[in-house]
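Hello,

Here is the structure I promised to pass on. Please open it first, then read my notes below.

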Amino acid sequence: MQSFILATGNPGKLEEMQTYFTGLDLELLLKPPELEIEETGETFVDNACLKASEVAKATGEWAIADDSGLAIDALGGAPGIYSARYGNSDRDRIERVLRELDGSPNRRAKFVCAIALASPSGEIVITTEGICPGEIIQAPRGTGGFGYDPIFYLPQHQLTFAELTPEMKHQVSHRGEAFKLFLPKFRALFFNQ
């Protein structure tokens, strides 16, 4: 069984990511807790590559990283790569976005997810990016998910991300879209599929 280091210290993210690899003979492991990677890239792809490469070099193992966030048209693409640092908690971040959008008729937004795979030497061998378009609603709805999910609305489903079932979110999310592009390349590289 092949092992891959997931460039995160978050067990919840590891559990979510593992579902995308169902049916493949591999094991995902969390990065060592003492290994902190500063996200200095200018794009989601830059940050995913940076995290994958640094974790791979530090551990001598294959590493997978993702970087994702929310980009809002009326805010010039903010919070963007700073999505996780846009406040001290999910609630703070949501309140800040709603405050900054107050009165704006343009509510268009998108979730973006970039995924990168690095060889043990740190060389990036796969990158993909998935986008899920939607809009920001006036007030949070739903109890599922995390982060900005309660205010990110999918008009075609008439639901927020926080109202989707995990299976449905898996199918339509930015991470799901990025994995649809990533997995065929990954399977070809490691499983001759």
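**Annotated sites, pockets and a crossover**

E38 is found in the loop between β2 and α2. Keep in mind throughout that this is a predicted model.

Why start with E38? UniProt lists E38 and D67 under "binding site", in an unreviewed entry.

E38 has a relative accessibility of 63%, so it counts as exposed. D67 sits in strand β3. With a relative accessible area of 5%, D67 is buried.

**The largest pocket**

The volume of the largest pocket is about 940 Å³. It is lined by 37 residues, and those closest to its centre are N10, K13, S68, A84 and F146. Which elements give two or more residues to this lining? They are α1 (11–20), α2 (44–59), β3 (63–72), α3 (90–101) and α5 (174–190). β3 gives the most, with 7 residues. β3 is also the strand that holds D67.

By class, the lining of the largest pocket has 14 charged, 13 nonpolar and 10 polar residues.

**The second largest pocket**

The second largest pocket holds about 220 Å³ of space. Its lining has 13 residues. Nearest its centre lie E16, T165, P166, K169 and H170. Both α1 and α4 (166–172) supply at least two residues of this lining. α1 gives the most, with 4 residues. The classes here are 6 polar, 4 nonpolar and 3 charged.

Strands β1 (residues 2–6) and β2 (residues 26–30) pair in the parallel sense, over 5 bridges. What is the bridge partner of I5 in β2? It is L29. The chain runs from β1 through α1 to β2, and this β-α-β crossover is right-handed.

To look at this part on screen, begin with the pairing of β1 and β2. Then follow the chain through α1. The loop between β2 and α2 brings you back to E38.

Best wishes

Terms used
Residues numbered from 1 in each chain as written. Predicted model: local features only at pLDDT ≥ 70, side-chain atom pairs only at ≥ 80, totals over all residues. Heavy atoms only, no water. 1 Å grid on protein atoms, 1.4 Å probe; cavity = no way out; pocket = protein on both sides within 12 Å on 5 of 7 lines; lining within 4 Å. Points joined across faces, edges and corners; volume = space filled by probe spheres on them. Nonpolar A, V, L, I, M, F, W, Y, C, P; charged D, E, K, R; others polar. Pairing = 2+ DSSP bridges. Right-handed = clockwise from strand over helix to strand, strands pointing away. UniProt positions renumbered as here; feature names shortened; annotations may be inferred. Buried < 20%, exposed > 50% of the residue type's maximum accessible area, 1.4 Å probe, protein only.
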